[in-house]
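Open the model in your viewer and keep the selection panel at hand.

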Amino acid sequence: MLLVVKILFSIFFYLLLVSGFILNVNAQDLSLHKPQTVIKYPVNGSSPFPLLTTEQLGKVTEALTLAKELTKDCDCDKALQSYGINSLAEILILEPNVNIFDGRKSTLGLPWLINGERETVNSYFVKNQDWLWAGVIQSAFTGKGNILFLNSYFFNPNKNVTVAIQQRAIILIHESVHQYANKNDKYFGGSQRLTKLIINACLPNLKM
Ligand SMILES: [Zn+2]
């Protein structure tokens, strides 16, 4: 049923195998019940954009600082130039609790139903936490621009501190490509390939 819903409503769902995903939706979602009802987005619920706590803020800010530092290097900044993105530094305009939130607690509705219930960022993130590190939800479903939501792995990657910070920085650069260059994973040959392009230019020794 999920597949049918996706096809029916032109949902292109790009799975970011290890570090996130992006949703592109071109049409209004319609309820499967009759008579059909046009769903108006955003479907917010009680807490669509949960703020990052002080500890989480620290991790995000630290990673963002490193990401900005990395993109000051010309090779890193121009990593995706041949894909039409002239500067990674220019699109790295992420700001915690403004356009980055805690996806694990978000009640924001996604454009499909599971057993008649609307999928939320929270329910989707929790059940896919093994591979889903972060995801960008597009404007049409947030009502406030493309928003980056972070999942558990981002905060607790089970890596040593240095590697964890580096991974977070790469994740933020990767997601900013979706969020502010509006390019999906497929455009780069898949999620892992996009990550690899960024790592090769920005942190060639990092293993993710
Ligand atoms: Zn991606």
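This is a predicted model: local features need pLDDT of at least 70, side-chain atom pairs count only at pLDDT 80 or more; totals for chains, interfaces and linings use all residues.

Residues are numbered from 1 along each chain as its sequence is written.

Colour by secondary structure. You will find nine helices and seven strands (DSSP runs numbered from the N terminus: H or I of at least four residues, E of at least two).

Now select Phe149, Ile173 and Cys202. In the largest nonpolar core, which has 48 residues, these three touch the most other members. Such a core is a set of buried Ala, Val, Leu, Ile, Met, Phe, Trp, Tyr and Cys residues joined through C-beta atoms within 7 Å. Helix H8 (residues 161-180) gives the most to this core, seven residues.

Zoom in on Phe149. Leaving out residues up to four places away in sequence, its contacts include Phe101, Val121, Phe125 and Ile137 (C-beta atoms, placed from the backbone, within 7 Å).

Next, show H8 with helix H9 (residues 191-202). Their axes come within 10 Å and cross at roughly 125 degrees (lines fitted to C-alpha atoms over the stretch in contact; angles run from 0 to 180 degrees between N-to-C directions).

Finally, select the residues where they meet. Ile170, Ile173, His174 and Val177 in H8 face Leu194, Thr195, Ile198, Ile199 and Cys202 in H9.

Key:
A residue is buried if 20 or more other C-beta atoms lie within 10 Å of its own, exposed if 12 or fewer, and partly exposed in between; C-beta atoms are placed from the backbone. Two residues are in contact if their C-beta atoms, placed from the backbone, lie within 7 Å.
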